[in-house]
Amino acid sequence: MKFGVVIFPGSNCDHDCYYAVQTVIGKPVEFIWHQDTSLKGFDAVILPGGFSYGDYLRTGALAKFSPVMQSVKEFADKGGLVIGICNGFQILTESGLLPGALMRNVTRQYVCKFLNISTETSNSPFTNQMKKGQVLRIPIGHGDGNYFADSETLKRLNGEDRIAFRYHGENPNGSLENIAGILSEGRNVLGMMPHPDRSSEALLGSTDGKLIFESMVNALAGAGR
Amino acid sequence: MKATVIVTLKPTVLDPQGMTIQRSVESMGLPEVADVRQGKYFDVNIADGVSPDRGKEVVQKLAKEVLTNPVIEEFRIVWEPR
């Protein structure tokens, strides 16, 4: 079982993700440079938070042209696990791996704080260690986390049980239906604004984020990886 | 060959920045401003020697696939008179 953390120019949570997997979860992990084109040997890929390409044009918009993203698409098409956290989520929507868009927060302010999210489904490789409805305490840190999708897409996401997380008690950014994270059609791609990488150790204020990485480990182990 | 690509949020998408600008100008004494929508524009120069047809095709592709996120935005192209 091997995890990979992609580094785009401007990523700044790459080491947090690497640390969470290597030290907290105790699984093999390697960095993947954005110009690499092979994901051979990897079982799960993490697109970390940060400000890829300086957030120029739109958040996540230019990262989709990084050579590695074509490989990430192929990897996801074959069922590989891909998790995009914060800027990683923005990259996944811009690349078309997940539907919808992350718009500027409705308050127009960057919000950085702990909040609660509820687990909306346990039926995914990222949430199998949680119960449906389980509330997690996980921090956010973003200026563009306002999830938007047309009503047709929202209906489909709801109907197919593809909403992974919703903000619980407080919506920090204006996201439609309080959406904090969604799954792909194949359920092997997750995008979420909150940071499990910043909430996997008690020292950081919460260990709830660890459940997401543990779910991935569980899913991969179940698949014989 | 020059073009300006203007990108705006779709009319159905809420524009918090535009709304804030509108509210601010209201408080500075311009209540006549009913609505402001914020967008962005890009000046695009096409290399010399490219045919007008190809130039139009290129700018269209750039606007559609790079400069705009079709989920929330739309664009229009203004060509500079030659």
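Select A:Asp55 to start, in the loop between β3 and α2 (67-77) of chain A. Helices (H or I, at least four residues) and strands (E, at least two) are DSSP runs, numbered from the N terminus. The phi of A:Asp55 is near 60°, a positive value in a residue other than glycine. Most residues other than glycine have a negative phi. A:Asp55 is partly exposed, with 17 other C-beta atoms within 10 Å. Burial here is a count of other C-beta atoms within 10 Å of a residue's own: 20 or more is buried, 12 or fewer is exposed, and in between is partly exposed, with C-beta atoms placed from the backbone.

This is a predicted model, in which local features need pLDDT of at least 70 and side-chain atom pairs count only at pLDDT 80 or more, while totals for chains, interfaces and linings use all residues. Residues are numbered from 1 along each chain as its sequence is written, and chains are lettered from A and ligands numbered from 1 in the order in which they are written.

**The sheet of chain A**

Now show the strands of chain A. Nine of them form an open sheet with mixed pairing, in the order β2-β1-β3-β4-β11-β10-β9-β6-β7. Its edges are β2 (29-33) and β7 (135-142); each has a single partner strand, so one side of each is left without a neighbour in the sheet. Neighbouring strands are turned by 25° against each other on average, direction ignored. Pairing requires at least two DSSP bridges between two strands. Axes for such angles are lines fitted to C-alpha atoms, for helices over the stretch in contact, and angles run from 0 to 180 degrees between N-to-C directions.

Pick β3(A) and β4(A). They run parallel and are joined by four bridges. A:Ile46 has A:Ile83 in β4(A) as its bridge partner.

Move along to β10(A), residues 179-183. Five of its five residues are buried. On one side, β9(A), residues 163-167, runs antiparallel to β10(A), with three bridges between them.

In the loop between β9 and β10 of chain A, select A:Glu177. This residue has a positive phi of about 55° although it is not a glycine. Is A:Glu177 buried, partly exposed or exposed? It is partly exposed, with 14 other C-beta atoms within 10 Å.

Next take β11(A), residues 189-192. This strand pairs with β10(A) in the antiparallel sense, over three bridges. The bridge partner of A:Ile182 in β11(A) is A:Gly191. Five residues lie between the strands of this hairpin, and A:Arg187 takes a positive phi near 65° there.

**Helix α3 of chain A**

Select residues 87-94, helix α3(A). How many of its eight residues are buried? Eight of the eight are. Among them are A:Phe89, A:Ile91 and A:Leu92, along with A:Asn87 and A:Glu94. What do the buried residues of α3(A) pack against? The partners are β3 (44-47), β4 (81-85), β5 (101-103) and β11 of chain A. Contact means that the C-beta atoms of two residues, placed from the backbone, lie within 7 Å. After the helix comes A:Gly96, whose phi is positive, near 85°.

**Across to chain B**

Colour the interface. 11 residues of chain A are in contact with seven residues of chain B. The chain A side that touches chain B divides into six nonpolar, one polar and four charged residues. Nonpolar covers Ala, Val, Leu, Ile, Met, Phe, Trp, Tyr, Cys and Pro; charged covers Asp, Glu, Lys and Arg; the others, Gly among them, are polar.

**Chain B**

Chain B has two helices and three strands, running β-α-β-α-β from the N terminus on. Its C-alpha trace spans about 50 × 30 × 15 Å along the principal axes. Of its 82 residues, 12% count as buried.

Show its open sheet of three strands: the order is β2-β1-β3, with antiparallel pairing. At the edges are β2 (39-45) and β3 (73-79), each pairing on one side only. The twist averages 20° from one strand to the next.

Zoom in on β1(B), residues 2-9. Seven bridges pair it with β2(B) in the antiparallel sense. B:Thr4 stands opposite B:Asp43 in β2(B).

End on α2(B), residues 52-67. This helix lies across β1, β2 and β3 of chain B, at about 30° to β1(B).
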